[in-house]
Amino acid sequence: MTDIDKLRHNLLSISKLINDHVRREPSDSNLAGWGQFIDATSPVFQIGPYGTAAGVLVSQVAFPTQAIDPRVKARLQKFWDEKPNGKMYPQNVRLAFTALALAKASDTALVTLRQEITGELIKRQQDDGSWDDAVAHAASSAGGQPDATAWVILALRRCGGYEPAVEKGARWLAERCGPSGATSLLPIVGIAAAIACRKDFRSVPGLHARGLEILSNTAVNREELISFYDYEERKGSEQVQSRDYLCFPAFYPLAVLIMGLGAKAKFWENIRLTTLRSDAIRKLSELSDGHPYKSNPTARFSSTVDQAMYALAYEEMIAAEEASWSGTRLLSPVYNFIRTNTFVQLTWYFWLPALGCLLFAVLLAFPALDTKFVAHFAGKSATPLVAFVTKHEDRIQLIASFFVTLIFAVPAKGWTLFRRMLWKRKG
């Protein structure tokens, strides 16, 4: 069984467990859904928009043709019908997450609900292309929010058919990326969304390099990211300011990055991304191993949203594999050996540069060798250069000694900075 097969097997097992733990609304047997955790024993009847949308998402990715429980569809519809208040309607990220979950649904009721939600999100897009945390209210921020904008355009991207709004939002995000190596104004999910959703992301200075930098420095593991959102809600007879959050695994934006960077990637970069994707798939399959994914292996319960992110990561990996060049899969093991083998890395980053410096120093230290070498290959045209070297032999030797001393005195951080500067130019 290949790693991608293991990943799919894990997803099927997770989906089955989620459907086995659907919760019925105590006050209405016609409503059901999920809460923050799949298998929590208390509160047994806690059902929310995030959990219910996440449960639907996992089922749709694992079993695309499987019918959704009518009680679950009714619960999602009721969350939406509570507008202009309720748990779902005021918050852009909750709306985006629901649209993200329903993007591939073919059920008529769910398609209608998705279209109404995405239509509302399009209305809330600001003139500059961004989205705020929530529908406009007295305490709204002055402008768009990176996290909210990222989640909305990722949802619209998965839904399809909203390219102008997605492109406009991605441009807003890309403008806030910042150069490679510097502190970014965007969270990782914002950078991933900007790269995956903007067609010409390679034309944005530093954005391409920033994405590669994240992939190179971040491993697929159990790290969790969190985003906070401010909104207003009604409590009793008063409108109060509230704060909500979305906690999700870091491997989801990494999967989006792999997919996004693969678009129009050149051959060598495709090899690199194929290697990173294969490594990510293997680690993702190990994180679940046939059981629900947990951000902490010792945790008692499994987050429903985390399972949805696991499903979406699987979907992104499949899409990236289908879009990659077939030849890169054959060369990927070779690249991975070069990337991870200590001897190869030592040779590439130390012995070859050291040997080059030494040869250069020898040529500078012994001008007679230079004159013979130049005269042999350049003939009569080398006469002025030979005369110059012969005349300034002492000065050349002095410069050579300083050069060798400085080269081997440069600290490792200096070489790292130099490599980042070169990488930035490539980006």
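Student: In this predicted model, how many of the twelve residues of H10 are buried?

Tutor: Helix H10 covers residues 251-262. Its buried residues include Phe 251, Tyr 252, Leu 254 and Gly 260. H10 is largely enclosed by the rest of the structure, because the buried count is ten of the twelve.

Student: What distance does H10 reach from its first C-alpha to its last?

Tutor: H10 has twelve residues. At 1.5 Å a residue, 16 Å is expected. The model's span is close to that, at 17 Å.

Student: Is H1 oblique or parallel to H2?

Tutor: Two packed helices are described by the angle between their axes and the distance between the axes. The axes of H1 (residues 3-20) and H2 (residues 49-62) come within 9 Å and cross at roughly 135°. That angle makes H1 oblique to H2.

Student: How many charged residues does the contact of H1 with H2 have?

Tutor: On the H1 side, Arg 8, Leu 11 and Ile 18 are among those that meet H2 residues, including Gly 55 and Val 58. By class, the contact has seven nonpolar and four polar residues. The charged count is one.

Student: How are H3 and H5 oriented to each other?

Tutor: H3 (residues 70-81) and H5 (residues 108-124) have axes 11 Å apart. They pack at an angle of about 25°. Angles under 35 degrees count as roughly parallel. H3 and H5 are therefore roughly parallel.

Key:
Residues are numbered from 1 along each chain as its sequence is written. This is a predicted model: local features need pLDDT of at least 70, side-chain atom pairs count only at pLDDT 80 or more; totals for chains, interfaces and linings use all residues. Side-chain values use heavy atoms; hydrogens and water are left out. Axes are lines fitted to C-alpha atoms, for helices over the stretch in contact, and angles run from 0 to 180 degrees between N-to-C directions. Helices (H or I, at least four residues) and strands (E, at least two) are DSSP runs, numbered from the N terminus. Angles under 35 degrees count as roughly parallel, over 145 as roughly antiparallel, 65 to 115 as roughly perpendicular and the rest as oblique. Contact means heavy atoms within 4.5 Å. Ala, Val, Leu, Ile, Met, Phe, Trp, Tyr, Cys and Pro count as nonpolar, Asp, Glu, Lys and Arg as charged, and the others, Gly among them, as polar. The expected span of a helix is 1.5 Å times one less than its number of residues. Buried means under 20% relative accessible area, exposed over 50%, partly exposed in between (1.4 Å probe, protein chains only).
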